[in-house]
Amino acid sequence: MADLSVKVCGVDFKNPIIPASGVFGYGREYEELFPLDKLGGIATKGTTLHLRTGNLAPRIAETPAGMLNSVGLQNPGIDHFIDTELPYLLTKDLVVLANIAGSTPDECAEVAAKLESTDVHMIELNISCPNVKQGGAAFGTSCDMAAEVTRKVRAATTKPLVVKLSPNVTSIADIAKLVEAAGADAVSLINTLLGMRIDINTGRPILRNNVGGMSGPAVFPIAVRMVWQVANAVNIPVIGMGGVSSGRDAIELMMAGASAVQVGAAIFTDPYAPVRILEEMNEWLDSKEIASVRDIIGTVKPW
Amino acid sequence: MKYTQGQYIITEKMAIAREIYSFTISCTEVAAVAAAGQFVHIRANGFTLRRPISICGIDKEKGTLRIVFEIRGEGTAEIAKLNKGDLVDMLAPLGRGFTVDDSFKKVVLVGGGIGTPPMLPLAKIYGERAVAISGFRNSAAAILQDDFKSTGAETILCTDDGSAGIHGFVTQPLTDLAKAGGIDMVYACGPMPMLKGIAAICKENGIRCEISLEERMACGIGACLGCACRTQRNDEEYFAHVCKDGPVFNAEEVLW
């Protein structure tokens, strides 16, 4: 049994696997299938200052080796999260990353400030949701806005701050450097890639929102490339995600430079994916006689 | 709520109409807790998303479930390739099923097209107290009529082109039954325009009505919030989720 524990900006994870924000709600639904304690952490559903109803349906479409979603940050608001969901998650043996979002930098900061008095372990600031008209990717695709929203949230919280980056940019490494300079303790990437499908029989987009975020195995090579580029550009830890569906994928993303790995769409295919991925990682490490998963982080040997 | 994910053996496969298949699946622990109106979430080999399919039969003694589904696209086509003896990967049973009340003296079950299968478990429960109205495009697309008859339910068949049964929509016989009175509940599943029409008839006649909805779905258990449905609760608009809050909804809750 290899040592699977990792540390991300001072926070200890017993293993590097974290269900990504949005696929896993607040964890309750999956507890029917496995104890949450098996996970290294949980990135909770993106939460805003007030309740958001989200986008009209359809919000989901299958794509080759992946899917599109346009949920639109439906969530019950930060107060509900703090009163109802967070206390329950904090009884579990795992790191809780509260994923937060907002329409303006000040709103993001206000949400972060509300979490300051809680025992949440980390804040993951979502500046990359492609499915909302204000905030979201509008922050994450503009250098100035990415820096400003990070600065404002940094000023509002002493919690470890992870900024979740959008892949829908020309240079994700440049954005990463800016949010690092603005006070981020870590970055997580990649959020979904903006995509679209059309029903050719009706001429209508499948998603009611017309466009949505693409995820799943199809995006995995892009995630590997971006994690590698960002890990080489910044001095803060990188949490990798994007199409991870096996232990080998998780190992690959860590070799590219990720200190921990989030799992998203794979959970829809196999609800046990996070647990299975951990087992597969352990088997691989044992087969290579690698004592600790930490020993593979960033070890890719580029040509 | 109690669901599991596993691989289960298909013990019977039948093609019951063009591109419509019936699977009987041996899954004792799922059958033991499954209820009318719930669904199973089936993995399609090579696809990211599972496909939600309503439960058409529950045999707790034999430990089997029956599902009947139509090939709608590549995912369901892949599932249809499975054969007797193959394993099917299911997350099940999911969702909130129909309200069943032993005191009901007369219920009407309305199924349209591939919305017909989830009505069959209700027919089994209510037997002679049920009238099963089924609507199809034509006689070739008509399914499950013998199954409904064998439950003791009265059956009324409608086809759009008049090639079998009543020439017309299911709303015609439903209107007649509603006017005659004595109906405790109408249960329905089918295309949205049909459900909307049924909800209106029930509202007009003061009859309780539950409908089963479908939506493009990802997790199937209420975590991802993909399968949104506009509903109204306590005078407030609320995006409910077909997988967890449904698939069965009180017709008056749904904002069409």
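Two residues are in contact if their C-beta atoms, placed from the backbone, lie within 7 Å. The model shown here is a predicted one.

Q: How do you know what share of the contacts in chain B with a separation of 6 or more comes from residues 24 or more positions apart?
A: Pairs count as contacts when their C-beta atoms lie within 7 Å, and of the contacts in chain B with a separation of 6 or more, 62% are made by residues 24 or more positions apart. In chain A, among contacts between residues at least 6 apart in sequence, 72% join residues at least 24 apart.

Q: Why is chain A called as compact as a globular protein of its length?
A: In chain A the secondary structure comes to 9 helices and 16 strands. Here the radius of gyration is 18 Å, close to the 19 Å that the globule rule gives for 303 residues, and therefore chain A too can be called as compact as a globular protein of that length. Taken along the principal axes, the C-alpha atoms of chain A fill a box of roughly 50 × 50 × 45 Å, while buried residues make up 61% of the 303 residues.

Q: What makes β5 and β11 the edge strands of the open sheet in chain A?
A: The open sheet has 4 strands in the order β5-β6-β14-β11 of chain A, with antiparallel pairing. The strands β5 (60-63) and β11 (193-195) of chain A each pair on one side only, and they are the edge strands. On average, neighbouring strands of this sheet are turned by 35° against each other, direction ignored.

Q: How do you know that β6 and β14 of chain A pair?
A: Two strands pair if at least two bridges are found between them. Strand β6 (residues 66-69) of chain A is joined to strand β14 (residues 212-215) of chain A by 3 bridges, and these strands run antiparallel. Asn69(A), for instance, stands opposite Gly213(A) in β14(A).

Q: Why is strand β5 of chain B called mostly covered?
A: With the cut-off of 20 or more other C-beta atoms within 10 Å, 6 of the 7 residues of strand β5 (residues 64-70) of chain B are buried. Strand β2 (residues 20-26) of chain B is joined to β5(B) by 7 bridges and runs antiparallel to it, with Arg66(B) as the bridge partner of Thr24(B). Strand β4 (residues 51-59) of chain B also pairs with β5(B) in the antiparallel sense, over 4 bridges, and there Ile55(B) has Ile67(B) as its bridge partner. The hairpin of β4(B) and β5(B) has 4 residues between the strands, and Gly63(B) takes a positive phi near 70°.

Q: How do you know that chain A touches chain B, and which elements supply residues of that side?
A: By the criterion of C-beta atoms within 7 Å, 28 residues of chain A are in contact with 26 residues of chain B. From chain A, β5, β6 and α8 (266-269) each supply at least two residues of that side, whose residues divide into 15 nonpolar, 9 polar and 4 charged.

How values were computed:
Residues are numbered from 1 along each chain as its sequence is written. Chains are lettered from A and ligands numbered from 1 in the order in which they are written. This is a predicted model: local features need pLDDT of at least 70, side-chain atom pairs count only at pLDDT 80 or more; totals for chains, interfaces and linings use all residues. Axes are lines fitted to C-alpha atoms, for helices over the stretch in contact, and angles run from 0 to 180 degrees between N-to-C directions. Ala, Val, Leu, Ile, Met, Phe, Trp, Tyr, Cys and Pro count as nonpolar, Asp, Glu, Lys and Arg as charged, and the others, Gly among them, as polar. A residue is buried if 20 or more other C-beta atoms lie within 10 Å of its own, exposed if 12 or fewer, and partly exposed in between; C-beta atoms are placed from the backbone. The radius of gyration is taken over C-alpha atoms; the globule rule is 2.2 Å times the number of residues to the power 0.38.
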